[in-house]
Amino acid sequence: MKYPKLYLSMDNCFAIKRWITPEQWMRVIKDLGASVIEASTDNEIDPLFCPEDYRKDWVREVKKYESLYGMQVKSFFTGYQTYRTAGLAHPDPRIRNKIKDEWFKPLIDHAEELNSASIGFSFHAFQEEDLNDSDKYKAAVDTVVKEYAELSEYAAAHSGVKLCCEQMYAPYQHPWRIAESKKLISDVYKKSGRPFYIALDVGHMVGQRKFTKPDPEMIKYALDKAREGRMAFDYWLGPEPVYTRIREYIQSGRNTDDNFIRDMLSLLDKYSYMFADGAESDPYLWIEELGAYSPIVHMQQTDGVKSSHAPFTDETNKEGIIIGERMIESLMKACEKTGEAGMPEPTDEILLAFEIFISNVQYPQDALQHLKDTVAYWRKYIPQDGIPLDEAYKLIKGRS
């Protein structure tokens, strides 16, 4: 088996509005102990905001300081500006075409110019109208698959830049479950004949336990609340038609009976895409199932309840569930699960990219020390960039 190479990568999202030129953030990242970089498009390189001549100068400056500092921008990733849109799931093709032609394709070009391996993104979301109608939902998914297939073909023609769709928290943020993440990879691959991947974030599983399918007792609870003139907002009931059906039932004056409960559960089955298995709140399960198809894994310390993009420090690690040994072990398990029908070739490298932000009220020097501590912690498991996964695994087993 050929194991992927591992790299520690610093996403320069921490530098947004503070260190904005390639020379500035590259110098800071070098001092943190990292040499591989993920460039956030929010940090002054979003093609929708930055003119072409500026972007050409940016690429030249990156190349200059990569050579000077011995570093490499190995990936790009969307930021908040592009995250706040329906993006490639927008019902108007003019929006989708603009995003493809003026964001994705220019960024793929820049990745090729810099020999960057991958582009990660959260660039589509489903509106409530689509979620509340299973036929419209399917059509929206088909649209997304078609758009990503087109972009996969473009990326394949430009040095094979890997496109990585980020897995997210909630039903409208497709893909947010393991099975549909695999299906998205497979469907785009089948349609385009070109590889397509997932970007995992180890903190994005905090929502899955919140959106589980209600059982009969929860339906009865929702009915009781509705009789009090309220809805059961502390339980997830799924799409709006479910809430509407409960309101109508209460307004009819009928008492709760088992037939209505069964009808409700049957209705929920129609919207299965709105519910997750609570087990999918485990980040290691995601790594084991999809790590081999995730060229980018966003790293943050999390307690499994909040996705606060915390650094890896002595303090955060006390409550945090993201542990070096377990990450390496889970990635090894992922490699053992490759070869599924309809899936592309596993990724040949995995960037463990630290997506850690600096708060508006945080002292910059404190934040930089936290980032330095983060790199130091993970250097115990990835002592040098490019180490094959099996060698990193042997290192942790040699310590035990």
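1. In H11, the buried residues are Pro283, Tyr284, Trp286, Ile287, Glu288, Glu289 and Leu290. That is seven of the eight residues in the helix, so H11 is mostly covered. The model is predicted.

2. What do the buried residues of H11 pack against? Their partners are H7, strand S6 (197–201), strand S7 (296–299) and helix H13 (324–336).

3. Take the H7 partner next. H7 spans residues 178–192 and H11 spans residues 283–290. The two pack at an angle of about 25°, and their axes lie 11 Å apart. H7 is therefore roughly parallel to H11, since angles under 35 degrees count as such. The crossing is right-handed.

4. On the H7 side, the contact uses Ile178, Ser181, Lys182 and Ile185. On the H11 side, it uses Leu285, Trp286, Glu289 and Leu290. By class, the contact of H7 with H11 has five nonpolar residues, one polar and two charged.

5. The N-terminal end of H11 is capped by Asp282. One of the Asp282 side-chain oxygens sits 2.9 Å from the backbone nitrogen of Tyr284.

6. Now a separate site. Tyr221 belongs to helix H8 (residues 216–227). Is Tyr221 buried or partly exposed? Its relative accessibility is 26%, so Tyr221 counts as partly exposed.

7. Beyond neighbours within four places in sequence, Tyr221 contacts Ala232, Asp234 and Tyr235. With Asp234 there is a side-chain to side-chain polar contact at 2.7 Å. Tyr235 is 14 residues away from Tyr221 along the chain, with 9.1 Å between the C-alpha atoms.

Note on methods:
Residues numbered from 1 in each chain as written. Predicted model: local features only at pLDDT ≥ 70, side-chain atom pairs only at ≥ 80, totals over all residues. Heavy atoms only, no water. Axes fitted to C-alpha atoms, helices over the stretch in contact; angles between N-to-C directions. Helix = DSSP H or I, 4+ residues; strand = E, 2+ residues; numbered from the N terminus. Parallel < 35°, antiparallel > 145°, perpendicular 65-115°, else oblique. Left-handed = near helix turned anticlockwise from the far one by under 90°. Contact = heavy atoms within 4.5 Å. Nonpolar A, V, L, I, M, F, W, Y, C, P; charged D, E, K, R; others polar. Buried < 20%, exposed > 50% of the residue type's maximum accessible area, 1.4 Å probe, protein only. Polar contact = N/O pair within 3.5 Å; in protein donor to acceptor, adjacent residues only side chain to side chain.
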